[in-house]
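Take the two chains in turn.

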Amino acid sequence: MRTHTIPTILVVDDDEGILEVIDIILTQEKYHVEAVRSEDQLQEVLKDHLPSLILLDVLMSGVDGREISRHLKSNPKTKNIPIIIMSANTKVSTKAEEAHADGYLQKPFDINELLETVRRYI
Amino acid sequence: MTVARSKEYSYDVCMESTNNFEWDEHLLHEKNALLDSVGEGVCGVDRQGRCLFMNRYAMNILGYTSEEILGKDMHTVTHHHYADGTNYPTKDCPLLRWTTQEHPIQCDQEIIWKQDGTALPVEYTANPLIIEGTRRGTVISFRNNTQRMERDQQMDDFLSIASHELKTPITTIKAFIQLLEKYYATDKTTQAAVYLSRVDAHITRLTNLLQDLIDVSKIQAGRLRYTNEIFDLNALMKETIEAFQMTTPDRTITYKGKPSQYFEGDKHRISQVVTNLVSNASTYSPKDRAVEVTLTPHKNDFVISVKDYGVGFPEDHIPTVFNRFYRASDKTRANFPGLGIGLYVSSEIIKHHQGTIQIKSSRDTGATVSFTLPKHKTT
């Protein structure tokens, strides 16, 4: 298993723009960022190594982020990875509960909100 | 003649009402033909809930023959389980309560079980069946709700996708603007950071307007969803005002409340109301005057007030300010930004929580918008 001396954050979102900007923000803060656009790509990463935190979008094409989160939280191998649910929905905290996630981030967010949320769980 | 009647029960009803009754076959034929022409299901039950008659539409859509339904207990035959498959005890069925209530009952979401075991979503109206001044049973008219439910679901999906699709690029734009702002923050040779912070503030405004529009669409479609939890109203007020203050540093918002005031309702929606009212107050009031927010617990309810010292509302406008398109008709407010639908959305949210909302104001003396939230709601 690969290890990083700096925390790895796995970002899962089907929007290229969101992935790019989160990557830039977190990389500037010296995190190692891996950005994936689908559940398949997420599973590929998890086969190889476990990230320190997952930022997970809810509404992705063809897949519900809440289901992915519940699945990860019920798997002994991945259940301890903190998961932050991201959604544009005003009920994002309810969605995070439904997803059995650890935290949430409402879109659109401030950079500081993103960084504070990440720091809280790493 | 298709209307199925239970001879025994119909006759009973009529015999009870008059000793000298004889069916006028011609009249009956006409009445039945009328019932069969109705484009919705109509059926009658006696005071014990047994089926007295059922029109052609109902028989066709439910798939029952007259032998299978007439004289039978309607609840046992057509109403025995809830939509989720759990047992629906007869004692809980409103049918039995209808027999003692004299006013019509309406329900826009109910399930009737068809003969083939599938569920038919319906909306219905139940009216007392009164013959010669005496309550004899109930007449239920129902409509197939399948298409409406599909349309509602499509509307929900559309609004959810529209919200997501519009906010996704806004999220990216906002984040890049903030990155640039950070980049220029230390460069005193340009105004770039200042301009970018303006852009950022307007992106926040755009997001709020978008949310208002989505909420109005949901309210109009009757699809605004609420959650229910017990929370500390005072803590929520503080958080909401602090969050608002952060985005509007050039205004002063003061808050006075009392610790540990618990309320049961939708935390996010109440916070949205407070943000709306505070945002309105800051928009319409001068920069050098604070917006004053208070939370006062009373015996039966909480009163939350937002007071500003701005342009106020003309007194004759006050009864209409909670209308959906109030702002569009108020010329004095045309120079201020916003769609003005926030008050409408707020009043709908407060109504849902069984509270009231009101405005006290006169021209140029500012306005106080107050809303109440009951400590104990009626179910």
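What follows walks through chain A and then chain B.

This is a predicted model, in which local features need pLDDT of at least 70, side-chain atom pairs count only at pLDDT 80 or more, and totals for chains, interfaces and linings use all residues. Residues are numbered from 1 along each chain as its sequence is written, chains are lettered from A and ligands numbered from 1 in the order in which they are written, and side-chain values use heavy atoms, with hydrogens and water left out.

Chain A has 5 helices and 7 strands. Helices (H or I, at least four residues) and strands (E, at least two) are DSSP runs, numbered from the N terminus. Along the sequence the pattern reads β-α-β-α-β-β-β-α-β-α-β-α. Of the 122 residues in chain A, 52% are buried. Buried means under 20% relative accessible area, exposed over 50%, and partly exposed in between (1.4 Å probe, protein chains only).

Now the sheet. In chain A, 5 strands form an open sheet in the order S2-S1-S3-S6-S7, with parallel pairing. Strand S2 (32-36) and strand S7 (103-106) of chain A are the edge strands, each pairing on one side only. From one strand to the next, the twist averages 20°. Two strands pair if DSSP finds at least two bridges between them. Strands of a sheet pair through backbone hydrogen bonds, either parallel or antiparallel. Strand S1 (residues 8-12) and strand S3 (residues 53-57) of chain A run parallel, joined by 4 bridges. Val11(A) has Leu55(A) in S3(A) as its bridge partner.

Helix H1 (residues 16-28) of chain A lies across S1, S2, S3 and strand S6 (83-87) of chain A. Its direction is at about 170° to S2(A). Axes are lines fitted to C-alpha atoms, for helices over the stretch in contact (heavy atoms within 4.5 Å). Angles run from 0 to 180 degrees between N-to-C directions.

Chain B comes next. Its secondary structure comes to 11 helices and 13 strands. Of its 379 residues, 45% count as buried.

Strand S7 (residues 229-232) of chain B runs antiparallel to S9(B), with 4 bridges joining them. Ile230(B) stands opposite Glu264(B) in S9(B). Strand S9 (residues 262-265) of chain B has two faces: Phe263(B) and Gly265(B) are on the covered one, Tyr262(B) and Glu264(B) on the uncovered one. Phe263(B) also joins Phe231(B) and Phe302(B) in a cluster linked by ring pairs.

What makes a ring pair? Rings of Phe, Tyr and Trp (its six-membered ring) pair if their centres lie within 6.5 Å; planes under 30 degrees apart count as stacked, over 60 as edge-to-face and the rest as tilted. By this rule there are 4 aromatic pairs over all chains. Tyr82(B) and Tyr88(B) have ring centres 4.0 Å apart and planes at 15°, so they are stacked. Tyr82(B) is partly exposed, at 33% relative accessible area. Tyr88(B) is buried, at 6%. Tyr183(B) and Tyr184(B) pair edge-to-face, 5.2 Å centre to centre, with 85° between the planes. Tyr183(B) is exposed at 61%, and Tyr184(B) is partly exposed at 27%.

Charges complete the tour. A charge sits over a ring if NZ of Lys or CZ of Arg is within 6 Å of the ring centre and within 35 degrees of the ring normal. Arg289(B) lies over the face of Tyr309(B), 3.9 Å from the ring centre. The charged end of Lys375(B) sits over the ring of Phe302(B), 5.2 Å from its centre.
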